[in-house]
Amino acid sequence: MTTPVVAVRGASVTFGAVRALSGVDLEISAGEAVGLVGHNGAGKSTIVNVINGGLTPHEGSVSYGGMASGMTGVSAARAGGVRCVFQELSLCSNLSIVENARLMHAGLTGFGWRKRALALIETKLSEVFPGNRVDCSATVGTLSIAERQMVEIALNFLDVSGPPKLVILDEPTSSLDSALAEQMLAHVRKFVSGGGSVLLISHILGEILSTSTRIVVMKDGGVVAARPVSEFTGKSLVEAMGSVVREKTRTGVRTVLDTSPTVIDIPATPRTGLGLKARKGEVIGLAGLGGHGQTAMLLALFRERSSNWLPHRPDEIAFVAGDRALNGTFPLWSILRNLSVGNLGALSKRFSVHAANEDAVGAEWKQKTAIRTPDMHLPILSLSGGNQQKVLFARALSTPARIVLMDDPMRGVDIGTKQDVYSIIRAEAEAGRTFIWYSTEMDEICLCDRVYVFRDGAIVAELSGDEVSEHNVLAASFSGEAA
Ligand SMILES: Nc1ncnc2c1ncn2[C@@H]1O[C@H](COP(=O)(O)OP(=O)(O)OP(=O)(O)O)[C@@H](O)[C@H]1O
């Protein structure tokens with residue numbers, strides 16, 4: 001038996017009334033890729049914080065490499081070779097990538113450290129994401145969310161004063177398109193086969209099944225299953241998490257849409273001869289490699305249509321942000337206020353928000369999207385990442401807006417809730433709402449009635465009905481032409 005790189009024994013953590021971890025045991029050895037799955041709020045990020053030393057468990061212990069070094073917390077974890085890519089990303093946006101690397105790796109010091117750091121980062125980024133176009137001398141705040149995620153991943157795999165032993169990846173592909181995600185997973189497999197270990201958290205079960213050697217399932221703060229990957233299937237994994245696998249809802253072409261009125265009509269660009277049309281009741285998917293103009297189009301549409309500041313006139317358009325920390329949540333507000341802020345006009349009586357109306361809408365959406373909290377008046381940051389994302393959904397869907405724009409909105413949402421939200425989207429579309437949905441997940445693109453594929457800032461293909469398939473989307477993303 002080899003000594004584990006990290007051993008957590010009997011860890012319990014509570015936040016007020018919430019028991020986030022109860023008596024969790026978890027060991028990770030060299031050469032293991034442990035996949036960690038569980039519903040939103042199951043305790044995954046909390047165990048991550050215990051392992052990386054950011055959180056001392058109220059009961060239980062954590063040790064690194066079997067050594068009692070005398071160090072505690074983050075210092076002990078760093079000395080034990082633990083690195084962590086955080087779900088909410090942790091780079092300082094006002095600093096350059098090189099300066100962020102310096103903060104993360106104290107060994108980057110002495111004469112010429114900037115040049116050395118730049119060379120190390122460029123090499124590692126190309127190793128993990130071959131062919132990437134990230135400018136490594138840039139300030140982090142100028143990068144897209146996908147680029148920030150790529151940089152944070154690469155920085156954690158750097159070998160500065162010794163190679164990392166355990167890299168924790170908390171939803172590392174949530175903002176990456178499928179091509180970048182596959183590059184990262186390939187790097188993880190290589191790292192693990194070379195003796196490194198990884199703790200991989202993801203709600204995309206295909207990633208967990210294709211990359212892990214062992215899978216640990218958490219539910220309500222405890223470990224409910226821990227077995228080699230060969231003993232799980234997609235279905236058994238979902239069931240172990242306490243959810244039910246449902247049939248995909250795609251039903252082919254909805255011909256009724258051909259006669260619906262057009263609600264969005266963006267003229268064709270001369271370069272590709274293609275524009276975007278959306279009809280009442282349609283679910284339109286925006287696909288293609290990340291950063292090729294999908295988010296920019298959503299933001300432009302939102303800016304153009306939402307210039308209505310009169311509270312008694314409901315907005316025509318609502319937006320669900322993907323980068324929730326940047327343009328989604330109000331971090332100092334309660335969960336309820338974060339939800340109701342999108343719909344103040346309808347919730348108000350005599351120019352002020354009517355508390356009973358607000359509470360009723362909060363209770364309705366808490367139940368509909370399974371927001372896990374004992375009290376909607378608690379701060380939004382007391383929610384787990386996926387639960388925060390559900391609040392952003394509820395904010396948009398609880399408005400009467402006829403058009404809902406969604407910018408890769410399922411970041412960090414668990415499979416059970418995703419299925420519920422897909423059903424809500426489908427029902428709302430059938431009732432006449434139009435959705436424009438950018439997604440980095442192919443399964444979601446395949447749920448749409450019509451799909452526009454983006455490349456280099458323009459639409460290069462339009463797919464509808466049975467043409468919407470992974471094969472056609474990928475072909476158009478890479479070649480600019482539908483297969
Ligand atoms: N700072 C905090 N204050 C209060 N409650 C918290 C805090 N951090 C986490 N919690 C609660 O602890 C529980 C576990 O949260 P955690 O973030 O570990 O879940 P998770 O499994 O990572 O979820 P997700 O998949 O949504 O990221 C949740 O109920 C959450 O609301």
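## The ligand shell

Strand E2 (18–28), helix H1 (44–51) and helix H14 (385–397) each give at least two residues to the shell around the ligand. Helices (H or I, at least four residues) and strands (E, at least two) are DSSP runs, numbered from the N terminus. The model is predicted: local features need pLDDT of at least 70 and side-chain atom pairs count only at pLDDT 80 or more, while totals for chains, interfaces and linings use all residues. Residues are numbered from 1 along each chain as its sequence is written.

There are 21 residues around the ligand, and Phe-15, Ala-20, Ser-45, Ser-384 and Gly-386 come nearest. A residue is near a molecule if its C-beta atom, placed from the backbone, lies within 6 Å of it. By class, the shell has five nonpolar, 13 polar and three charged residues. Here Ala, Val, Leu, Ile, Met, Phe, Trp, Tyr, Cys and Pro count as nonpolar, Asp, Glu, Lys and Arg as charged, and the others, Gly among them, as polar.

## Two domains

The protein is divided into domain 1 (6–240) and domain 2 (255–479), with bounds that come from an automatic or database domain assignment. Taken over C-alpha atoms, the centres of domain 1 and domain 2 are 29 Å apart. The contact between them takes 24 residues from domain 1 and 24 residues from domain 2; two residues are in contact if their C-beta atoms, placed from the backbone, lie within 7 Å.

On the side of domain 1 that touches domain 2, H5 and helix H6 (178–193) each supply at least two residues. The largest share of that side, three residues, comes from H6. Domain 1 and domain 2 both give residues to the shell around the ligand, so the ligand lies between them.

In helix H1, eight of eight residues are buried. A residue is buried if 20 or more other C-beta atoms lie within 10 Å of its own, exposed if 12 or fewer, and partly exposed in between; C-beta atoms are placed from the backbone. Among the buried residues of H1 are Lys-44, Ser-45 and Asn-49. Gly-53 follows H1 and has a positive phi, near 85°.

Gly-35 is found in strand E3 (residues 33–38). Gly-35 counts as buried because it has 24 C-beta neighbours inside 10 Å. Its C-alpha atom is separated by 5.5 Å from that of Ile-208, 173 residues apart along the chain. Leaving aside neighbours within four places in sequence, Gly-35 is in contact with Leu-200, Ile-208, Thr-211, Ser-212 and Ile-215.

## Nonpolar cores

The largest nonpolar core has 76 residues, of which Ile-51, Ile-121 and Ile-168 touch the most other members. Such a core is a set of buried Ala, Val, Leu, Ile, Met, Phe, Trp, Tyr and Cys residues joined through C-beta atoms within 7 Å. Helix H5 (residues 145–156) gives the most to this core, with seven residues. A second, separate core of 56 residues includes Ala-394, Leu-447, Ala-461 and Leu-463.

## The whole protein

The secondary structure comes to 17 helices and 19 strands. The radius of gyration is 23 Å, close to the 23 Å that the globule rule gives for 483 residues, so the protein is as compact as a globular protein of that length. This radius is taken over C-alpha atoms, and the rule is 2.2 Å times the number of residues to the power 0.38. Of the 483 residues, 47% count as buried.
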